[in-house]
Amino acid sequence: MKSVLIGFVRFYQAAVSPYLPNACRYTPTCSQYAIEAIRKHGAIRGGWLGLKRISRCHPWGGHGYDPVP
């Protein structure tokens, strides 16, 4: 299951992300954060952490260095 989720994120990075403006407010980027979270915490918890991070990435959200817990 972890491989499938990481595959979806890698697909996004390769096929979708190049056509969007570079607007990530955090370091590491949201997609890289999701991959690290899935590898470290597993598919369910890591996927949840990735979704939470993506939901915080908006103009009124935070910014800066935000490592995977």
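**Surface, fold and one tyrosine**

Mentor: Let's start with the surface: this is a predicted model, and the protein's accessible surface is about 4800 Å², with 65% of that belonging to carbon and sulfur atoms.

Trainee: OK, and how much of the protein is buried?
Mentor: Buried residues account for 29% of its 69 residues.

Trainee: How many helices and strands are there?
Mentor: You'll find 3 helices and 2 strands. Starting at the N terminus, the order is α-β-α-α-β.
Mentor: The radius of gyration is 12 Å, close to the 11 Å that the globule rule gives for 69 residues, so the protein is as compact as a globular protein of that length.

Trainee: What box do the C-alpha atoms fill?
Mentor: Roughly 30 × 30 × 15 Å, taken along the principal axes.

Trainee: And the contacts, what share join residues at least 24 apart?
Mentor: Counting contacts between residues at least 6 apart in sequence, it's 68%.

Trainee: Switching topic: where is Tyr12 found?
Mentor: Tyr12 sits in helix H1, which covers residues 2-16.

Trainee: Why does Tyr12 count as partly exposed?
Mentor: Because its relative accessibility is 35%, and partly exposed covers the range between under 20% for buried and over 50% for exposed.

Trainee: Which residues does Tyr12 touch?
Mentor: Leaving out residues up to four places away in sequence, Tyr12 touches Ser17, Pro18, Leu20 and Ser31.

Trainee: How many residues apart are Tyr12 and Ser31?
Mentor: They're 19 residues apart along the chain, and their C-alpha atoms are separated by 8.2 Å.

Notes. Residues numbered from 1 in each chain as written. Predicted model: local features only at pLDDT ≥ 70, side-chain atom pairs only at ≥ 80, totals over all residues. Heavy atoms only, no water. Helix = DSSP H or I, 4+ residues; strand = E, 2+ residues; numbered from the N terminus. Buried < 20%, exposed > 50% of the residue type's maximum accessible area, 1.4 Å probe, protein only. Contact = heavy atoms within 4.5 Å. Rg over C-alpha atoms; globule rule 2.2 N^0.38 Å. Areas by Shrake-Rupley, 256 points an atom, 1.4 Å probe, with all protein chains shown as cover.
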